[in-house]
Amino acid sequence: MTTHPATRDTPERAIDAVLYDFGNVLVGWDPYGAYAGLDRAVVDAFFADVDFPVLNHERDAGATWADARAVVEASHPHHVALLDRYVAQFPATLTGPVEGSEELVHELRDLGLRLFGLTNWSAELYPHAGPAAPATTLMEDVLVSGREGLAKPDPAIFALAVDRFGLDPARTLFTDDSAANIDAAARLGLRTHLFDGTPGLRAALRHLGVHVAP
């Protein structure tokens, strides 16, 4: 059998694995979804007063929602009901699969690539991921930040993923919608793609010699 060298149009595949972020890459997330019917200004005030991005990131890094409730009860007791509502209505914040994502995951599996998840997600709320976006269940393995007590962009969580999954960083593409996370991964030698939609990820994969559909 004769083999032919890769050409510009059919480059040799440069990666063996894809490491996926989940939120807004495989599954849509909109925290306002927990507050249907409420005045957005009321929700905005709650988010600002409790510094919701920081509070949420702390849950991603392993703190519990009970801890968050105690903090809010002490500092902004009038907002406790809104925090409770976020946790109770969390499934409503998940807007379903990101367009085209599940189809791409199936293509990559069929092509023989190894697929893994590295997600910032609280351990308590992570079980809602699969029902909202079945592609999250198709990974070979998933590292959930809240279970590890580490969260992106901490370099330690990327090192943990590489070690646990047995990845070669130079032959692994990490995709995430956060520039800070992308920068942290790149510093550890992972190939990276800043996610802005499935078509862009498809283009990045084709550039790396992965023959997915346009």
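# Helix packing in a predicted model

Author: The axes of helix 3 and helix 4 come within 9 Å and cross at roughly 165°. This is a predicted model, in which local features need pLDDT of at least 70 and side-chain atom pairs pLDDT 80 or more, while totals for chains, interfaces and linings use all residues. Numbering starts from 1 along each chain as its sequence is written, and side-chain values use heavy atoms, without hydrogens or water.

Reader: Why is helix 3 called roughly antiparallel to helix 4?

Author: Angles run from 0 to 180 degrees between N-to-C directions. Those over 145 count as roughly antiparallel. The axes cross at roughly 165°, so helix 3 is roughly antiparallel to helix 4.

Reader: Which residues make the contact of helix 3 and helix 4?

Author: Contact means heavy atoms within 4.5 Å. Helix 3 brings W65, A68, R69, V72 and E73; helix 4 brings V80, L83, D84, Y86 and V87. By class, seven are nonpolar, none polar and three charged. Asp, Glu, Lys and Arg count as charged; Ala, Val, Leu, Ile, Met, Phe, Trp, Tyr, Cys and Pro as nonpolar; the others, Gly among them, as polar.

Reader: Which residues of helix 2 are buried?

Author: Buried means under 20% relative accessible area (1.4 Å probe, protein chains only). In helix 2 (residues 52-60), F52, L55, N56, R59 and D60 are buried.

Reader: What makes them line one face of helix 2?

Author: The arc is taken from the directions from the helix axis to the C-beta atoms. The buried residues fall within 150°, so they line one face of helix 2.

Key
Buried means under 20% relative accessible area, exposed over 50%, partly exposed in between (1.4 Å probe, protein chains only). Helices (H or I, at least four residues) and strands (E, at least two) are DSSP runs, numbered from the N terminus. Angles under 35 degrees count as roughly parallel, over 145 as roughly antiparallel, 65 to 115 as roughly perpendicular and the rest as oblique.
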